[in-house]
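Here are some friendly notes to read with the model open beside you. Take the points in order and find each residue as you go.

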Amino acid sequence: MEHISTSRCFAGEQQVWRHDSVSTGTPMNFAIYVPDHDEGAKLPVIWWLSGLTCTHENAMTKCEYKAACAEHGIIFVCPDTSPRGEGVPDHEDYDFGQGAGFYVNATQDPWADHFQMRAYIEEELPGIVAANFPVDMDRQGISGHSMGGHGALTVSLRNPGRFRSTGAFAPIVSPLNCPWGEKALTGYLGDDREAWREYDSVALIEDGARIDNIRVDQGTADEWLDEQLKTHLFARACESAGMGADIRMHEGYDHSYFFVSTFVADQIAWHAELLKG
């Protein structure tokens with residue numbers, strides 16, 4: 001790995017690293033916050049998946065997780081949202097291509113060669129972090145925002161038992177039923193909608209996936225709520241499956257990181273209770 005930067009912050013270190021990814025065939029950057037800890041200690045970890053157009057840097061500078069992670073002794077990892085660099089295909093639209101990997105393993109040309117973000121997030125990056133940082137992989141939580149909320153929910157639902165806590169802020173809960181999702185999944189996976197179901201949290205629950213300890217934070221003034229996010233579909237799927245989920249609607253908050261930064265410390269405290277011991 002290549003060390004990019006380290007900055008002291010809230011009784012811990014905010015670091016940025018780069019490595020050559022086997023999954024994407026490109027260099028990948030990730031940010032990681034490591035709170036101060038006793039020598040030899042292993043700390044719980046929260047994986048944070050960011051949304052459309054973001055890199056590792058958006059959450060690192062806007063999410064305001066560091067004080068809470070220092071208080072609770074939690075490592076916080078922010079990957080990039082897609083492969084980047086020379087030879088990586090892109091698209092002129094913000095909601096497809098670089099910055100919009102949707103955490104899938106693409107099967108369609110020209111995306112399949114590099115857009116293997118599911119493999120990167122589920123397999124490769126956890127192995128790299130476990131090998132190089134003081135993480136306790138038996139105490140993992142996951143969360144994310146918007147497209148990253150979709151990623152957090154689907155990664156957890158596909159890997160029951162891996163995460164003690166699963167959070168999301170303003171997630172795209174059902175790509176099968178919104179314009180962002182239909183565009184991305186058609187482009188990356190093709191026209192067979194059955195192949196999309198493993199990337200849709202509502203469909204995964206309908207198909208039998210079950211996890212414990214879910215919290216979703218959503219603003220009522222979010223401009224994307226009705227057309228793209230459709231939180232009610234996730235709530236209905238959880239209720240139909242008898243699966244508990246704490247879905248918190250916050251009056252007057254929009255889709256931005258102003259919303260996320262308001263409630264992220266509270267969500268981290270919730271994760272921390274579940275990640276203890």
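Predicted model: local features only at pLDDT ≥ 70, side-chain atom pairs only at ≥ 80, totals over all residues.

1. Leaving aside residues up to four places away in sequence, Ser 50 touches Thr 55, Ala 59, Thr 81, Tyr 103, His 145, Met 147, Gly 148 and Tyr 257. Ser 50 sits in the loop that connects strand E4 (43-49) with helix H1 (56-62). Is Ser 50 buried or exposed? Its relative accessibility is 0%, so Ser 50 counts as buried. Its side chain also makes a polar contact with the side chain of Trp 48, at 3.4 Å.

2. Next, look at the sheet. In what order do its strands lie? The sheet is open, has 9 strands with mixed pairing, and runs E1-E2-E3-E5-E4-E6-E7-E8-E9. Strand E1 (2-8) and E9 are at the edges with a single partner strand each, so one side of each has no neighbour in the sheet. From one strand to the next, the twist averages 20 degrees.

3. Now try a pair of strands. E2 (residues 12-20) and E3 (residues 27-35) are antiparallel and share 9 bridges. To find your place in this pair, look for His 19, which stands opposite Met 28 in E3.

4. Strand E8 deserves a slow look. How many of its residues are buried? The count is 6 of 6, so E8 is mostly covered. In a regular strand, side chains alternate between the two faces of the sheet. On one side of E8 you will find Ile 214, Val 216 and Gln 218, and on the other Arg 215, Asp 217 and Gly 219; all are buried, and both faces are covered.

5. Which strands pair with E8? E7 runs parallel to E8, with 4 bridges between them, and Ala 168 has Val 216 in E8 as its bridge partner. E9 is also parallel to E8, joined to it by 5 bridges. There, Arg 215 stands opposite Asp 246 in E9.

6. Helix H3 (residues 117-132) lies across E2, E3, E4, strand E5 (75-79) and strand E6 (135-144), and runs at about 50 degrees to E3. Helix H4 packs on the sheet, where it touches E4, E6, strand E7 (165-169) and E8. The direction of H4 makes about 135 degrees with that of E6.

7. Just after H8, Gly 242 has a positive phi of about 65 degrees.

8. Finally, check the cysteines. How many disulfides are there? The count is 0, with a cut-off of 2.5 Å between sulfur atoms. For Cys 63, the closest cysteine sulfur belongs to Cys 78 and is 6.8 Å away, too far for a bond. Cys 63 is buried, at a relative accessible area of 0%.

Terms used:
Residues numbered from 1 in each chain as written. Heavy atoms only, no water. Helix = DSSP H or I, 4+ residues; strand = E, 2+ residues; numbered from the N terminus. Buried < 20%, exposed > 50% of the residue type's maximum accessible area, 1.4 Å probe, protein only. Polar contact = N/O pair within 3.5 Å; in protein donor to acceptor, adjacent residues only side chain to side chain. Contact = heavy atoms within 4.5 Å. Pairing = 2+ DSSP bridges. Axes fitted to C-alpha atoms, helices over the stretch in contact; angles between N-to-C directions.
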